[in-house]
Number of protein chains: 2
Amino acid sequence: MNFDMKEAIEVLERTPQSLEHFLSGLSDGWLQCNEGEGTWNATEVIEHFIEAEKHNWIPRLETILQEGENKPFPPFDRFSHLNQKSETTIEEKLQEFKTVRAENITRLKALVDPAVHLELTGSHPAFGAVKVRELISTWVVHDFTHMAQIVRVMAERYRVDVGPWKEYLGILNKKG
Amino acid sequence: MNFDMKEAIEVLERTPQSLEHFLSGLSDGWLQCNEGEGTWNATEVIEHFIEAEKHNWIPRLETILQEGENKPFPPFDRFSHLNQKSETTIEEKLQEFKTVRAENITRLKALVDPAVHLELTGSHPAFGAVKVRELISTWVVHDFTHMAQIVRVMAERYRVDVGPWKEYLGILNKKG
């Protein structure tokens, strides 16, 4: 096990700022490209990050702390952002992500004492018993997964343009 | 083909700043973890970015513009940074990456007129004829590849900690 609360928060507090520097001001070509039908563009990934901040991590954490395994987690629809045709700019979305993430880190620090709460368990609808430590670790790795997705989606746009170099570019040689 | 010089530069100028916001101040646990023997940690990826700025993209571009296919590209050792045990901090490395990248973008703009030079060809030691457009596209996708590598390497650190959620986290279910 490598989990450490302070180190987990180091990542959680950096993700929105990093993505803000990466995506703000980019052309629509980069923000709206995807990997084909049914896949997300970078803008949709940011919308998903915001939904998860609002409806996934903290509500689940609160359920564990208040209910233990007595009550399964509140549902989280991983596709909900696709149904809300949002008119806000990418800069506004990134600002919202930054704000809700900062609020959630404050909430996390208030809710969880790592010396006391990490091994408490709740009931995941598919997995059964899951621990606070596993939930917070997943929050961190979920950031990594979707940052990797954003650059993979953008790389896809230049698949043909790179010519023979495609062979050396790992990101063009996998999906996931 | 999707390549556009202005859009390519949008990415090239954002990568160092985004990584600076992501990696500066992180604990050594995050900066020094890797995916096992022979793999790179996040710090080594930044060192590789710096080497490529110094010895790969612009020297190759200059070779195409000056020599065409008459002279193969100068060699680039993708592992050179592993032989120089650097004592600089991650913040110093990120600052150096930012500086050399900014200089190279200035150089790129001075060297390449997209209306004139994109289809010029040089001689790659393994691939044979390659175009300026392909080289610059590869520079961009090389950024994406190594940004994806950094988050994948960091995610690996929590492989066990996420517990059953591993199944939902694409980044833990592939290599590349």
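**Close-up views of a predicted two-chain model**

View 1. Apart from neighbours within four places in sequence, L23(B) is in contact with L31(B), A42(B), I46(B), I90(B), L94(B), I150(B) and M154(B). L23(B) is also among the residues with the most contacts inside the largest nonpolar core.

**View 2. The largest nonpolar core.** This core comprises 108 residues. From chain A, L23(A), L108(A) and F144(A) are among those with the most contacts inside it, and from chain B, L23(B), L108(B) and F144(B) are listed with them.

**View 3. Relation between chain A and chain B.** Chain A is superposed on chain B by a rotation of 180° with 0.0 Å of shift along the axis, and the RMSD is 0.0 Å. The two copies are therefore related as by a two-fold rotation axis. Of the interface residues of chain A, 100% are also interface residues in chain B, so the copies meet through the same surface.

**View 4. Extent of the interface of chain A and chain B.** In this interface, 59 residues of chain A are in contact with 59 residues of chain B. The two chains bury about 5300 Å² between them, with 67% of this area on carbon and sulfur atoms.

View 5. A salt bridge joins the side chains of E7(A) and R157(B), at 2.8 Å from N to O. On the side of chain A that touches chain B, α1 (5–23), α2 (28–32) and α6 (132–156) of chain A each supply at least two residues. The largest share of that side, 15 residues, comes from α6(A).

Methods:
Residues numbered from 1 in each chain as written. Chains lettered and ligands numbered in written order. Predicted model: local features only at pLDDT ≥ 70, side-chain atom pairs only at ≥ 80, totals over all residues. Heavy atoms only, no water. Least-squares fit on C-alpha atoms with pLDDT ≥ 70 in both. Contact = heavy atoms within 4.5 Å. Core = buried A, V, L, I, M, F, W, Y, C linked by side-chain atoms within 4.5 Å. Buried < 20%, exposed > 50% of the residue type's maximum accessible area, 1.4 Å probe, protein only. Buried area = accessible area lost by both parts, 1.4 Å probe. Salt bridge = Lys/Arg side-chain N within 4 Å of Asp/Glu carboxyl O. Helix = DSSP H or I, 4+ residues; strand = E, 2+ residues; numbered from the N terminus.
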